[in-house]
Amino acid sequence: GSVYALRSTDEVANEEAEEASFELSAYPNPFKSVLVASYTSSKAGEVTLDILDASGKLVKGFGKFSVEEGTNTVTLETSDLGIGHYVVRATFNGGTYVQNVVKK
């Protein structure tokens, strides 16, 4: 049992280390017609940005953006979205990062 527990702890530690290398934030929140996605990464790569509705359905895909080491920002045009609750989803390096946002 102890070997299994050790493995389990290592897997959790590795997942946390992976998560720590990328952070997503979206502002202003609540937003009107434009949303800024800001992401900080410890390594370069590509990120895919999407907006999902409250039920998790894709409502707008913005495609891929290059990621430089450090903080990156992308302005997302959202005037075609209706008022309501949304989720900004960033997919980077095999991980998915989300932030809840509200459109006024």
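The structure holds 2 salt bridges. A salt bridge here is a side-chain nitrogen of Lys or Arg within 4 Å of a carboxyl oxygen of Asp or Glu. This is a predicted model, in which local features need pLDDT of at least 70 and side-chain atom pairs count only at pLDDT 80 or more, while totals for chains, interfaces and linings use all residues. Residues are numbered from 1 along each chain as its sequence is written, and side-chain values use heavy atoms, with hydrogens and water left out.

**Salt bridges**

- Arg-89 pairs with Asp-50, and their closest N and O atoms are 3.0 Å apart.
- This pair links distant parts of the chain, with Arg-89 in strand 6 and Asp-50 in strand 3, 39 residues apart. Strands (E, at least two residues) are DSSP runs, numbered from the N terminus.
- Arg-89 is partly exposed, at 24% relative accessible area. Asp-50 is buried, at 9%. Buried means under 20% relative accessible area, exposed means over 50%, and partly exposed lies in between (1.4 Å probe, protein chains only).
- Asp-80 and Lys-60 form a salt bridge through their side chains, at 2.9 Å from N to O.
- Asp-80 sits in the loop between strand 5 and strand 6 and Lys-60 in strand 4, so this pair ties together parts that are 20 residues apart in sequence.
- Asp-80 is exposed, with a relative accessible area of 54%. Lys-60 counts as buried, at 18%.

- Four strands make an open sheet in the order 4-3-6-7, with antiparallel pairing. Two strands pair if DSSP finds at least two bridges between them.
- Strand 4 and strand 7 are the edges; each has a single partner strand, so one side of each has no neighbour in the sheet.
- From one strand to the next, the twist averages 20°. Axes for such angles are lines fitted to C-alpha atoms (for helices, over the stretch in contact), and angles run from 0 to 180 degrees between N-to-C directions.
- Strand 3 and strand 6 run antiparallel and are joined by 7 bridges.
- Val-47 stands opposite Phe-92 in strand 6.

**The nonpolar core**

- The largest nonpolar core has 21 residues. Such a core is a set of buried Ala, Val, Leu, Ile, Met, Phe, Trp, Tyr and Cys residues joined through side-chain atoms within 4.5 Å.
- Phe-22, Val-47 and Leu-49 have the most contacts inside this core.
- At least two core residues come from each of strand 1 (22–27), strand 2 (34–41), strand 3 (45–53), strand 4 (58–67), strand 5 (70–77), strand 6 (84–92) and strand 7 (95–103).
- Strand 6 gives the most, with 4 residues.
- Leaving out residues up to four places away in sequence, Val-47 touches several others, including Phe-22, Tyr-39, Phe-65, Ala-90 and Phe-92. Contact means heavy atoms within 4.5 Å.

**Ser-41**

- Ser-41 belongs to strand 2. Ser-41 counts as buried, at 5% relative accessibility.
- The Ser-41 side chain reaches the backbone oxygen of Lys-43 at 2.5 Å.
- Beyond four places in sequence, Ser-41 touches Ser-21, Phe-22, Val-67, Glu-68, Glu-69, Gly-70 and Phe-92.

**Gly-84**

- Gly-84 lies in strand 6. Gly-84 is buried, with a relative accessible area of 18%.
- Gly-84 and Lys-104 are 20 residues apart in sequence, and 6.9 Å apart in space from C-alpha to C-alpha.

Technical notes:
A polar contact is a pair of N or O atoms within 3.5 Å; within protein, one must be able to donate a hydrogen and the other to accept it, and residues adjacent in sequence count only if both atoms are side-chain atoms.
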